[in-house]
Amino acid sequence: MPNCLTLKKSNCKNCYKCIRNCPVKSIRFSGNQAHIINDECILCGRCFVVCPQNAKQIVDDTEKVKVLMQSQVPVIASVAPSFVANYPGVGIASFRKALQQIGFTDAEETALGATIVKKEYERILNEEDRDIVISSCCHSVNLLIQKYYANCLPYLADVISPMQAHAADIKRRYPDAKVVFIGPCVSKKDEAEKYKDYVEAVLTYEEISTWFKNEGVELEQNVDSDEESRARLFPTTAGILKTMDLKSSGYEYLAIDGVENCIDALTDISEGKIHKCFIEMSACAGSCVGGPVMERKHYNQNGNTTYRRNPISDYLAISKYAGKKDFDIEQPDITELKKIFEPIQKKNITPLDYEINQILRKMGKTRKCDELNCGSCGYNTCRDKAVAIFQGKADISMCLPYLKEKAESFSDTIIRNTPNGIIAVNDNLEVQLINKAACKILNVPSQSDIIGEPIVRVLDPLHFIRIQQGSERIFNERTYLAEYNKYVEQTIVRDADSKILICIMADVTEEEKEHQRKEEISQQTVEIADKVVDKQMRIVQEIASLLGETAAETKIALTKLKESISDE
């Protein structure tokens with residue numbers, strides 16, 4: 001299958017919104033990125049619509065059409081009847097004029113082909129003895145049956161789609177023409193690629209609107225009328241049935257829209273619960289007017305793009321534009337309307353029960369009650385998720401309860417075993433968390449005794465108030481807790497997102513006491529040293545005094561001796 005949907009990898013934020021909304025879970029996650037599994041995808045386009053990062057892209061055929069226009073052959077647009085809802089106040093005449101301004105030779109309504117298709121449905125019901133007939137206009141429904149409900153293929157009407165019927169009719173009238181389909185559908189790009197004899201290219205409304213804008217072309221507000229245009233109802237729920245002459249007795253006529261409803265109906269058919277029904281199936285809620293490429297962009301107050309359906313106004317626009325009679329168009333031979341649908345095989349291997357259970361154990365789900373089936377990963381049940389992991393489409397880390405439990409267990413282990421006291425308080429300075437180390441420091445018998453209580457019960461709140469009032473943090477501030485006769489090094493920080501104040505206390509009482517003891521010893525040593533010095537000085541002075549007296553007496557004696565000798 002061609003890649004009609006691609007992914008801007010840099011924009012994928014691993015949010016799992018696409019897999020939560022994918023009805024057939026055809027998305028694989030690898031390297032924190034979403035990847036579309038082509039052989040499983042039914043191209044309903046829902047992942048494109050819901051992606052909050054606009055990471056899904058539809059392949060643009062605009063340049064391909066411009067190349068066709070340079071080939072000097074007629075390029076004729078087949079315009080899906082839902083265009084009236086996408087471009088309010090614009091009829092086919094105005095749309096044709098705008099398309100001719102950008103290079104198209106002509107433009108016609110795909111509703112012409114819808115008339116051909118609905119007449120073939122009527123013939124099948126009136127002339128053939130079929131049990132169940134499922135409409136084949138929606139390519140996404142066709143893919144759903146081909147890939148997931150191959151046993152229902154005999155019930156799928158073997159009739160070409162309105163797009164193909166109209167393209168074939170154009171080429172009968174203009175043998176050299178190239179046909180470009182314009183509509184609200186992603187899967188039509190795949191249908192055109194797979195059945196190449198009908199349509200050369202497919203443009204979405206967004207692509208053609210961008211082209212108009214770049215060429216400075218404005219659509220004229222002019223809604224033309226045509227009594228022979230009943231097939232314009234095709235893009236609405238039950239629109240096919242409303243155009244058909246339901247004369248065949250013995251059949252129930254049902255219209256089902258939305259992939260989930262189609263899946264439920266196909267399941268019932270597979271189980272043999274439904275008989276003698278003509279079922280109109282559309283993958284999109286509201287049928288084609290709810291298509292993924294209907295231009296539904298709205299901008300919220302933050303400037304982000306959101307998408308919103310307009311089911312009532314869209315239906316009314318289609319209903320008012322449709323006539324009461326059929327288009328006058330030549331009905332081709334039955335053989336020209338035949339379409340063969342083959343089953344499309346998928347490559348998945350289904351794991352055995354023990355293999356699923358092994359994966360569940362790795363996800364921390366050892367008991368049945370551990371299987372929460374919350375759907376946060378995008379899968380309906382934990383077992384579905386385990387199957388996806390086995391098939392390489394998912395990863396264990398996609399289980400948010402598992403990750404949360406793992407993270408909480410890890411953080412709890414740290415908080416429980418750290419020697420530091422940890423206290424968390426809210427903006428009202430009420431204790432939200434306290435570990436055993438903090439209880440020991442603050443002489444709190446049990447954690448439950450203080451949880452929910454004001455911090456003032458155990459600590460001076462002034463430090464916390466300082467942080468609340470704008471101080472960035474208190475880091476390793478040594479504080480004496482007089483009421484506990486303890487010294488702590490205190491760090492207080494505020495988490496802006498959770499508005500929680502976190503206090504981390506290291507008990508440094510022994511360290512402080514040791515420091516004080518050393519200070520006392522130092523002081524005592526200084527005092528002893530001073531005393532020793534004083535005593536030594538006194539001794540020195542006494543010695544000096546004695547030595548001084550002795551020297552004086554000796555000097556006198558020697559002087560007298562000298563004088564005595566001299567006299568002689």
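Two strands count as paired if DSSP finds at least two bridges between them. The legends below describe close-up views of a predicted model.

**View 1. The open sheet of β7, β11 and β10.**
In β11, F278 is the bridge partner of Y253. This bridge belongs to the pairing of β10 with strand β11 (residues 277-282), which is parallel and has six bridges. The two strands are part of an open sheet of three strands, in the order β7-β11-β10, with parallel pairing. β7 (132-134) and β10 (252-257) are the edge strands, and each of them pairs on one side only. From one strand to the next, the twist averages 15°. Helix α12 (residues 259-270) lies across β7, β10 and β11, and its direction is at about 150° to β11. In a regular strand, side chains alternate between the two faces of the sheet.

**View 2. K276, in the loop that leads from α12 to β11.**
The loop between α12 and β11 contains K276. The phi of K276 is near 50°, a positive value in a residue other than glycine. Is K276 buried, partly exposed or exposed? With a relative accessible area of 31%, K276 is partly exposed, because the buried class requires a value under 20% and the exposed class a value over 50%.

**View 3. K25, in the loop between α1 and β2.**
K25 is found in the loop between α1 (17-21) and β2 (27-30). K25 is not a glycine, yet its phi is positive, about 55°. K25 has a relative accessible area of 14% and is therefore buried.

Five of the six residues of strand β8 (residues 178-183) are buried, so the strand is mostly covered. Strand β5 (residues 75-79) runs parallel to β8 and is joined to it by five bridges. One of these bridges links S78 to its partner F181 in β8. Strand β9 (residues 201-204) also pairs with β8 in the parallel sense, over four bridges. In β9, the bridge partner of I182 is L203. Between β8 and β9 the chain passes through helix α9 (residues 187-194), and this β-α-β crossover is right-handed.

**View 4. Helix α3 and its buried side.**
Which residues of helix α3 (residues 62-69) are buried? They are T62, V65 and L68. These residues cover an arc of only 115° around the axis, and therefore lie on the same side of α3. An α-helix has 3.6 residues a turn, so residues three or four places apart point the same way. The buried residues of α3 pack against β5, β8, β9 and α10 (205-215). On the face turned away from the buried side, α3 carries the exposed residues E63 and V67.

**View 5. The crossing of helices α6 and α8.**
Helix α6 (residues 111-127) and helix α8 (residues 162-173) have axes that come within 7 Å and cross at roughly 110°. This angle makes α6 roughly perpendicular to α8, because angles of 65 to 115 degrees are counted in that class. Which residues of α6 and α8 meet? From α6 they are L112, G113, A114, I116 and V117, and from α8 they are P162, A165, H166, D169 and R172.

**View 6. Helix α15 and its buried side.**
In helix α15 (residues 382-390), the buried residues are C382, K385, A386, A388 and I389. They cover an arc of only 160° around the axis, which puts them on the same side of α15. Among the elements that cover these buried residues is α14 (353-362). α15 is followed by G392, which has a positive phi, near 80°.

**View 7. I474 and its contacts.**
Strand β16 (residues 473-481) contains I474. I474 counts as buried because its relative accessibility is 2%. Which residues are in contact with I474, leaving aside its neighbours within four places in sequence? The contacts are H463, R466, I467, Q490, T491 and I492. G258 is 216 residues from I474 in sequence, and the C-alpha to C-alpha distance between the two is 58 Å.

Definitions and conventions:
Residues are numbered from 1 along each chain as its sequence is written. This is a predicted model: local features need pLDDT of at least 70, side-chain atom pairs count only at pLDDT 80 or more; totals for chains, interfaces and linings use all residues. Side-chain values use heavy atoms; hydrogens and water are left out. Buried means under 20% relative accessible area, exposed over 50%, partly exposed in between (1.4 Å probe, protein chains only). The arc is that of the directions from the helix axis to the C-beta atoms. Contact means heavy atoms within 4.5 Å. Axes are lines fitted to C-alpha atoms, for helices over the stretch in contact, and angles run from 0 to 180 degrees between N-to-C directions. A crossover is right-handed if, with the strands pointing away from the viewer, the path from the first strand over the helix to the second runs clockwise. Angles under 35 degrees count as roughly parallel, over 145 as roughly antiparallel, 65 to 115 as roughly perpendicular and the rest as oblique.
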